Amino acid sequence: MSRLGRMTSMTYCGTSHLSPCFRGPRAAWRIGAWLLVLAANTSVAQPSNESLQFERIDAGNGLSNNVVTALLQDQRGFLWIGTSDGLNRYDGYEFVTYRSISGDSSSLSSSSITALQEEASGDIWVGTTKGMNRFDPTTGTARRFIQDLRIASLYAESDSSLWVSTGYRIMRYDPRRDETTLYWSSDPPMVKEVEASSLASHDESGFAFAFIAPQEDGAASSTVRVLQYSAAADALVERWTRKRSGGALHFFTRHNRVWLGSHDPGYVDLRSGGFNPVANWPNGATINFAFEARDSVAWLMSDRGVARYDEVTEELTFHALESGATAGLSGTALSMLEDRAGIVWVGTRSGLYKHDPNVKPFISVGPGSGLPDEPGAGTVMAIAEAADETLDVGTFGAGLLRVNTHTATTIGSTVWALHYVGADLWAGSSDGLFVRRGGAAQPFERVRLPVPDSTVGQPVVFDISPGSEGTLLVAGHRDVHRVDVKSGRVISTARIYRPDLPGVSDQFVSCQSVAIDEAGTIWIGTEGAGLARIDPASDALSFVEGTAGMTVYDVQVARAAAGTLWLATDRGLLRYDTIKTTPAVSLTGDALVFSVIETAPHELWLGTSRGIAHVKPGGDIRYFDEADGTGNTEYNRRAAIRRNNGELVFGGLNGLTLFVPDDIGLNTHASPATILSVRTASRDTAIDHNALGLEELTVGYRDYQIAIVFAAPDFGAPDRTLYRYRLRGLDDRWTDAGHDRSVNYTNLSPGRYTFEVASANLDGVDAGVGDAIEIIIRPLVHQTWYFKIAVAALVAALLFLAYRYRVARLVALERMRLRIAADLHDDIGSRLSGLALLSDVVGNDSSLTTESRSRLDHISEGARQMVDTLRDIVWFVHPSNDDSAVLIDRMTAVAQELLPGIDFELITPDARVFDRMDMQQRRNVFLVFKEAITNVARHAGARSVRVTLTNNPALSMQIADDGIGFGDDGGLGGHGLKNMAWRAQQVGASLEIVSRPTGGTSVTLDFNSTGRQ
């Protein structure tokens, strides 16, 4: 059976009708749906025929024109609608219209569309009254071909060639070569148009064309001709011809059939050449259009209704349409389409009509359609079904009503509970308990319930449910009564009170619902006090732990799970295990649940504050509301029954909702989401980018706002489609967008991002990840890679120049040091040496006095000391001596020269101990060393001297001897010791001198700490 045939409504036969009630934003105009007929005698019959539900979409909904001439669904799922004034793209939310623009050669050649065909590339061939166009949906532009001819129909072959028919020509067009081959023409040109489509079957395939040839003599009859393309002959071969009166319909199916329509519709079998009329066709109905859907089902549009013909079983099902509401649909149909979700679209001269087989088959009965149109009549608080299948309804303010009879019964303004026992109807109202025995014609009798005192009237009755051994349980304002069904006598009464309830001055609580389980335990749902129980053995009252403060609207004993209660509460649906007495857990979140019906083990239907909820055994929940045709969104406490025929009835704020659970099928089709547009905005401008087919978008760093719009072309319930998205590069996690179809990003950092969007339909079927687009945000100039490379190159160049400059400076310094050393040695050194020699010569003169000779000796000694100091300076200035090993050798040589006959040892574990010192530091260290060695040589009388050099981490030098040391008056009073302290201070080192008169002297120069003396 076709999917179009599965989701059908029911027509109930009788003498009066209930008008269908359709609500919700999806319906522009719903017609012919769920005709509910209830007999005057309130009997309900079995369905005798099928009716269809259609929704009309016209110019008032955004369509560019009401004359719909061509329909196409593209690869992305969009619906393309050709009209007499524009080509429309529809995504289920809004229309985008393309027209011919004067002076713009990239627009369509005409706004009057006649045919549509899609290529494998995604381009769309658009036939118009002024030629053919190759339309690119991603850019919205067109290229024009075969201009100035009215295109009747198009068919694209797999090799991208295109069959084109006009009013008097059939030709084949090769768009790659821009060549047209004529295969048939009429001379003179025909008035009627030629239709073209595909033909394929088990034993042959090809292309067939049919047209009406008018008679030359002007007779009313005409000749129908069918031509088929022969690849062997590369020609059109005539397959069938016949004179036929009236109009003709040209429609080809996969079973080698050509449908012809008039008052005697039928099809031509191209294999046999015979004409086969449609059996059981309604008298006087004329076919004006036919269309082949999937599963070999032909849809035949007539002036009286819609027919569904199964080409395999040859079974015809005719769907009659109401003449008034369906005038536009029953007029001349111009185009038809079945989309991938099974929705059938009909283009007419008065708009576009849609039949969705996935629409949930709910029946809505409300004020004016089965219930009286008066205050309170629509607020249903209780429902009961009589033996004749008539529904009795208790209302909030309008009393007790019978569906379709509008008969009201006064047993209290508000009827809270109804329950049939055989033909007897028990009713609980705002005025007490009543019973009507023997049928609807009998009056109600009051059942007296015990009251606390005589001044109190009959208590309100909220619930009535079966008890044990021919009794009923009646839940009142403060009490639960057991009532004998036959006599109406109250057997017992239990007062329900809870003294431990905090913040309540009155200990008695209101009883909202009552039920009894197989063990005989009575369970009571209260208002604000939780779930109570009465033990069958002791009649003791107790409350279930963890339910304090909870309102329990309905209590139902599970059908198959022993010891399980289903609780409808203000905290959702709770499942309570009476055996384990574990705390109940909500299964519906924050939705208020007012009623429970269990149709199968652990499969529940609920009346809630969010609509009707279906809870599957695994715990999955699906909500249905007015958008699904329920007529209600919020339902009332305990207003729910399961009828004898399996139908469920829920009462809400706007009447009744009826449905068969097995008819609530799952829509398995889900459309992948498509990115429609990307808007980038800066402080000054905003740019809209068409994102269809766009894989990458590059924007500037100034476009700090990015808005992305997307849609999943779901034409069944687009406003119920769920979306999720993510921006990889920012966050790889998915974000649930609900029903929102757009997202905004602000101040994204420069870089590469990938935006992905996914969707799921209203039944939760996931379409997976749809479109994706890579967004590249160009960085600022200083953030670009080439800028960073340029900066790195500039820094490298500067470092290189600095290095070259430093090398040049070092070379110049080396040269200057060589020159200074040479000048000091050659000039000043030779002069001082000459001065010393001259002093010695003059001092040998015998004529000099002793005083004069002493002075000359002093001058000679000073000159020699200066020469010695100058030699040290020259040695340090010379670049060749900038080496630790050379300096150590120098120190060893000086010590051996100054300490003749004294054992000298220099110890160092690191031969590069002086490498990290500059010339000035090395010179001061050397002079401290030389001064200490000189003191040892002159004053210590030592036998050995040990010098230790370490570098951990900075230089430390210790000079130790075993001489006589200083006395108490030695101190640092001498010039040599003061010079050592001064030089240590100059290089930032500490100087420590330890001397004992009999233990020798130790001089330590340490660069690891502050100076100590």
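## Helix H5

Helices here are DSSP runs of H or I with at least four residues, strands are runs of E with at least two, and both are numbered from the N terminus. The model is predicted: local features need pLDDT of at least 70, side-chain atom pairs count only at pLDDT 80 or more, and totals for chains, interfaces and linings use all residues. Residues are numbered from 1 along each chain as its sequence is written, and side-chain values use heavy atoms, with hydrogens and water left out.

H5 covers residues 919–940, and its 22 residues should span 32 Å at 1.5 Å a residue; the expected span is 1.5 Å times one less than the number of residues. The end C-alpha atoms are 30 Å apart, which agrees. At the start of the helix, a side-chain oxygen of Asp918 lies within 3.3 Å of the backbone nitrogen of Gln920.

## The largest nonpolar core

A nonpolar core is a set of buried Ala, Val, Leu, Ile, Met, Phe, Trp, Tyr and Cys residues joined through side-chain atoms within 4.5 Å, where buried means under 20% relative accessible area with a 1.4 Å probe, protein chains only. The largest one has 40 residues, and Phe904, Phe914, Phe929, Val945, Val947, Met957 and Ile959 touch the most other members. Elements giving two or more residues to this core include helix H4 (884–898), H5, strand E71 (944–951) and strand E72 (955–961). H5 supplies the largest share, 9 residues.

Leaving aside neighbours within four places in sequence, Met957 is in contact (heavy atoms within 4.5 Å) with residues including Met891, Val925, Phe929, Val947 and Leu1005. A second, separate core of 39 residues includes Phe135, Ala142, Phe710 and Tyr753.

## Two open sheets

Strands count as paired if DSSP finds at least two bridges between them. Strand E61 (residues 674–681) and strand E64 (residues 705–711) pair over 7 bridges, and Val678 has Ile708 in E64 as its bridge partner.

Another open sheet, also antiparallel, has 4 strands in the order E25-E26-E27-E28. E25 (287–292) and E28 (315–320) each have a single partner strand, so one side of each is left without a neighbour in the sheet. Strand E27 (residues 305–310) is joined to E28 by 6 bridges, and Ala307 stands opposite Phe318 in E28.

Technical notes
Polar contact = N/O pair within 3.5 Å; in protein donor to acceptor, adjacent residues only side chain to side chain. Buried < 20%, exposed > 50% of the residue type's maximum accessible area, 1.4 Å probe, protein only.
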